[in-house]
Amino acid sequence: MRAVLIALAGSLAGLAVLACGATGGGGPAAAATAARPVTVWAVGDADDDADSRRLAALVRRQRPDRFLYLGDVYATGTAAEFRSHYDPLYGPLARRTVPTPGNHEWPNRDTGYRPYWAAKTGRAVPDWRRVSLGAGWEVLSLNSQAPHGPGSEQLRWLATATRRPGTCRIAIWHRPRFSTGWHGDQTDMDPVWAALRGHARVVLSGHDHDLQRFVDRDGLRQVVSGAGGRVNIPLPRDSRLRTAYVNRLTAGGARLRLTRGRATIELVSASGRVLDRSSVTCRPS
């Protein structure tokens, strides 16, 4: 009888360890996943033109672990435009894509954006969500088109999503808080920016059709990667005191290599040339 009880206790202890591993992300397999480098591409504002096709072909060939689409399917994000303009470019990456809606497709979200992503992934895609990227990093896909001011549902969700300590988070949304491009700073994103202080490290956006990297502010690095192919309007604002890099002429995107506690960020042209490289460190949770 004593032997049976000892064996039973051992089995229950083993189950408890398994349960802890499942909920807490522990164990050798989780450690190996966290240690493996992860490659992520982020592109916004693609169009149905040669530059867009060349960039998309480059991204597809590199088979990133994750693809972040930073918004805008032209001209108004209808179901037909998702099929004809977006799907040939990045549709093959749909199951590894984390999208955020742009101002062009958001008005038609119930007939374009939402049904497209539901059909491609097999489930409804929330308007904002948190997704693990691996290597101890996660992405917060936020929504610059939905209410995001004080007291909004989105901001309450963000407070919960960043409750766990650590800064190894990448936030994405379409309209950048800081930009020296045609559209300029989007000051209405202040509440979201403030909520990310001390909880994230990188912010990726599109909207302006260029590539920009800003000096760090409030512990956050703003990167604009809206050079997915849509024609740019080359009317730059004064950027001498704020941007560390800006390119308004070249189609391209952001490629990130993530390791535990560190991210290397490259702005890459559609031809594959690295235009700018920087890195950040973060505090793992």
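**Stop one: a proline and its neighbours**

Select Pro176 and show what surrounds it: leaving aside residues up to four places away in sequence, Pro176 touches Gly184, Asp185, Gln186, Ser205, Gly206, His207, Gln222 and Val224. Keep in mind as you look that this is a predicted model. Where along the chain are you? Pro176 sits in the loop that runs between strand 6 (169-172) and helix 7 (190-196). Now pick out Val224 from the list of neighbours: 48 residues separate Pro176 and Val224 along the chain, yet their C-alpha atoms are 6.9 Å apart.

How accessible is each partner? Arg175 has 12% relative accessibility and therefore counts as buried, whereas Asp188, with 33%, counts as partly exposed.

Next, select Arg197 and Asp218, another salt-bridged pair, with 3.2 Å between the closest N and O atoms. Here distant parts of the chain are linked: Arg197 is in the loop between helix 7 and strand 7 (202-205), while Asp218 is in the loop between strand 8 (211-214) and strand 9 (221-225), 21 residues apart. Arg197 is partly exposed at 43% relative accessibility, and Asp218 is partly exposed at 39%.

Jump to Asp65 and Arg36, whose salt bridge has its closest N and O atoms 3.4 Å apart. This pair also links distant parts of the chain, 29 residues apart: Asp65 from the loop between helix 3 (50-62) and strand 2 (66-69), Arg36 from the loop between helix 2 (27-35) and strand 1 (38-43). Asp65 is partly exposed at 31% relative accessibility, and Arg36 is partly exposed at 43%.

For something beyond a pair, select Asp110, Arg114 and Asp127, which are linked in a network of salt bridges. How many salt bridges are there in the whole count? The count comes to 19.

**Stop three: helix 4 against helix 5**

Show helix 4 (residues 79-90) and helix 5 (residues 113-121) as cartoons. Their axes come within 11 Å and cross at roughly 55°, so helix 4 and helix 5 are oblique to each other. The crossing of helix 4 and helix 5 is right-handed.

**Stop four: helix 3 against helix 4**

Keep helix 4 and bring in helix 3. The axes of helix 3 and helix 4 come within 8 Å, with a crossing angle of roughly 35°. On the helix 3 side, select Ser52, Arg53, Leu55, Ala56, Val59 and Arg60; on the helix 4 side, select Pro88, Leu89 and Tyr90. By class, the contact of helix 3 with helix 4 has six nonpolar residues, one polar and two charged.

Note on methods
Residues are numbered from 1 along each chain as its sequence is written. This is a predicted model: local features need pLDDT of at least 70, side-chain atom pairs count only at pLDDT 80 or more; totals for chains, interfaces and linings use all residues. Side-chain values use heavy atoms; hydrogens and water are left out. Helices (H or I, at least four residues) and strands (E, at least two) are DSSP runs, numbered from the N terminus. Contact means heavy atoms within 4.5 Å. Axes are lines fitted to C-alpha atoms, for helices over the stretch in contact, and angles run from 0 to 180 degrees between N-to-C directions. Angles under 35 degrees count as roughly parallel, over 145 as roughly antiparallel, 65 to 115 as roughly perpendicular and the rest as oblique. A crossing is left-handed if the near helix is turned anticlockwise from the far one by less than a right angle, and right-handed if clockwise. A salt bridge is a side-chain nitrogen of Lys or Arg within 4 Å of a carboxyl oxygen of Asp or Glu. Buried means under 20% relative accessible area, exposed over 50%, partly exposed in between (1.4 Å probe, protein chains only). Ala, Val, Leu, Ile, Met, Phe, Trp, Tyr, Cys and Pro count as nonpolar, Asp, Glu, Lys and Arg as charged, and the others, Gly among them, as polar.
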